[in-house]
Every structure is written in C-alpha cells, then in structure tokens.
Amino acid sequence: NPPGDAANIVAAIEALTGFLSLAIATGLIYGRFSKPRSYLIFSDHALISPYKNGTAIMFRFAAYKDKHTLTDLEVKVNTGLVVVENEKPSYKYFSLELERSKVESMPMSWTVVHPIDEHSPFFGFTEDDMKSADVELYVMLRGFDDVFSNYVQQRTSYTFEEIVFNRKFVPMYKEAGDGDSTILELHKLNMHKEI
C-alpha cells in the first residue's frame with residue numbers, strides 16, 4: 001500500500017492507464033482480425049479486346065475462397081485522364097458504362113466489360129493516346145458476404161501501363177471428368193493471348 005497522497009495519486013494514474021491501454025489494445029486487435037474481407041483477386045491487366053462489332057476494355061476477377069459467397073454484388077468503374085480544354089491540359093474523371101454492373105450472386109469469375117463506343121471517353125483512342133492522356137481505371141466493388149453477414153468492398157486500379165491492346169482472356173473453366181460440374185482454374189486468371 002503506497003503511503004502518502006502523492007504516492008496514491010501516482011498509483012491511481014498507473015492503474016487507470018493500465019486498464020485503458022489493455023482496453024485499447026483489445027479493441028485494436030479485435031477490429032483488425034474481425035474486419036470483413038472480400039477474398040477476391042483481380043487480373044493483373046485490363047485488355048482492349050473485340051466485343052460485338054467493336055472493342056471493349058475488359059478485366060476480370062474471381063473469388064478464391066469457396067465458403068465466402070457474395071450476393072448483391074455491384075461494380076463501379078471510373079477513369080481519370082488528361083483532357084485539353086482551351087489549350088490547357090486538365091485531369092478529368094468519367095464514369096464508365098458497363099455491359100453489366102450488378103449481379104445477384106457472384107459467379108465463379110466475372111469479366112467486367114466497358115464497350116468502347118461513341119459514348120465512351122476512350123472512343124478512337126490508340127495505345128499512344130492512352131499514354132499521353134495518363135489514363136487510369138478506378139474499380140470499386142461491393143457485395144454482401146453471407147459468412148460475415150455484412151457488406152464487403154474492394155478497390156483496385158489499372159494504369160495505362162496495365163492496359164494491353166489486341167489481347168483476349170483465356171477461358172478459366174473446364175468441365176470435370178464426371179461431366180456434372182465445372183472447375184474454375186484460378187491459375188489462368190491472368191492468362192491472355194494475342195488476337
């Protein structure tokens with residue numbers, strides 16, 4: 001038992017600080033390990049590939065954990081690029097229209113497609129145009145995870161150096177030997193070939 005008022009005050013402060021530091025450490029550790037994660041992996045490159053009667057920018061992603069099923073999944077893609085207006089370059093942002101921006105249930109993989117038509121900011125762009133405009137794609141994905149019972153989200157981006165022209169993705173699926181199921185080949189996520 002510390003004798004004197006000064007020693008009692010010091011002991012009380014130490015006791016309060018000890019409890020407080022333990023509570024903060026517990027909260028930080030719990031918050032770090034209980035944070036919902038999406039368990040998604042994205043392709044390393046976005047491709048300019050044939051699409052219908054024109055071309056499109058495509059990238060794909062897949063879930064790498066079977067138990068974490070995502071529902072009510074929504075993806076948004078924006079782009080930033082340099083636009084010259086009144087002889088002055090300025091960085092502007094555009095929302096990209098997608099072939100499909102929402103699915104009710106996450107398939108084994110999803111190829112996100114932005115058709116390059118007259119409504120696209122990339123209409124008529126060449127590879128050199130992408131570089132000079134300092135193009136970057138910003139991807140934001142959000143979905144409901146049944147395991148966490150909460151919404152999870154993940155972001156990624158593709159710079160002009162990660163956008164590859166005249167390529168198309170290699171299929172990631174194959175039929176199982178029994179013919180009753182489909183196998184997702186995750187090692188082919190980044191595989192693409194020249195057109």
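The following legends describe close-up views of a predicted model.

Residues are numbered from 1 along each chain as its sequence is written, and side-chain values use heavy atoms, with hydrogens and water left out. Because the model is predicted, local features need pLDDT of at least 70 and side-chain atom pairs count only at pLDDT 80 or more, whereas totals for chains, interfaces and linings use all residues.

**Figure 1. Overall dimensions and composition of the protein.** The protein contains two helices and 14 strands; helices (H or I, at least four residues) and strands (E, at least two) are DSSP runs, numbered from the N terminus. Along the principal axes, the C-alpha trace spans about 90 × 65 × 25 Å. The radius of gyration is 25 Å, whereas a compact globule of 195 residues would have a value near 16 Å; this quantity is taken over C-alpha atoms, and the globule rule is 2.2 Å times the number of residues to the power 0.38. Of the 195 residues, 30% count as buried (buried means under 20% relative accessible area, exposed over 50%, partly exposed in between; 1.4 Å probe, protein chains only). The accessible surface comes to about 12,700 Å², of which carbon and sulfur atoms account for 53%; accessible areas come from the Shrake-Rupley method with a 1.4 Å probe, and for residues only the protein chains shown count as cover. Among contacts (heavy atoms within 4.5 Å) between residues at least 6 apart in sequence, 62% join residues at least 24 apart.

**Figure 2. The largest nonpolar core, with Phe-61 and Phe-122 as the members that touch the most others.** A nonpolar core is a set of buried Ala, Val, Leu, Ile, Met, Phe, Trp, Tyr and Cys residues joined through side-chain atoms within 4.5 Å. The largest core has 31 residues. Strands that each supply at least two of its residues include E1 (40–42), E3 (54–63), E7 (109–116) and E9 (150–159). Strand E4 gives the most to this core, with five residues. Apart from residues up to four places away in sequence, Phe-61 touches Leu-40, Ile-41, Phe-42, Leu-73, Met-106, Ser-109, Trp-110, Val-112, Leu-141 and Leu-189. A second, separate core has six residues, among them Tyr-51, Ala-56, Met-58 and Val-113. In soluble globular proteins, nonpolar side chains tend to be buried together.

**Figure 3. Val-113, a member of the second core.** Val-113 is found in strand E7 and is buried, with a relative accessible area of 6%. Not counting residues up to four places away in sequence, Val-113 touches Tyr-51, Ala-56, Ile-57, Met-58, Glu-97, Leu-98 and Glu-99. Its C-alpha atom is separated by 15 Å from that of Val-170, 57 residues apart along the chain.

**Figure 4. The aromatic cluster of Phe-42, Phe-59, Phe-61, Trp-110 and Tyr-158.** A search of the whole structure finds nine aromatic pairs. Rings of Phe, Tyr and Trp (its six-membered ring) pair if their centres lie within 6.5 Å; planes under 30 degrees apart count as stacked, over 60 as edge-to-face and the rest as tilted. Phe-42 and Phe-61 form a tilted pair, 5.2 Å centre to centre with 40 degrees between the planes. Phe-42 lies in strand E1 and Phe-61 in strand E3, so this pair ties together parts that are 19 residues apart in sequence. Both Phe-42 and Phe-61 are buried. Phe-59 and Tyr-158 form another tilted pair, 5.3 Å centre to centre with 40 degrees between the planes. Because Phe-59 lies in strand E3 and Tyr-158 in strand E9, this second pair ties together parts that are 99 residues apart in sequence. The relative accessible area of Phe-59 is 2%, and the residue is buried; Tyr-158 also counts as buried, at 1% relative accessibility.

**Figure 5. The buried residue Arg-60.** Arg-60 lies in strand E3 and has a relative accessible area of 4%. Its contacts include Ile-41, Phe-42, Trp-110, Phe-169, Val-170 and Leu-189. The C-alpha atoms of Arg-60 and Leu-47, 13 residues apart along the chain, are separated by 9.6 Å.

Figure 6. At 72% relative accessibility, Lys-52 counts as exposed.
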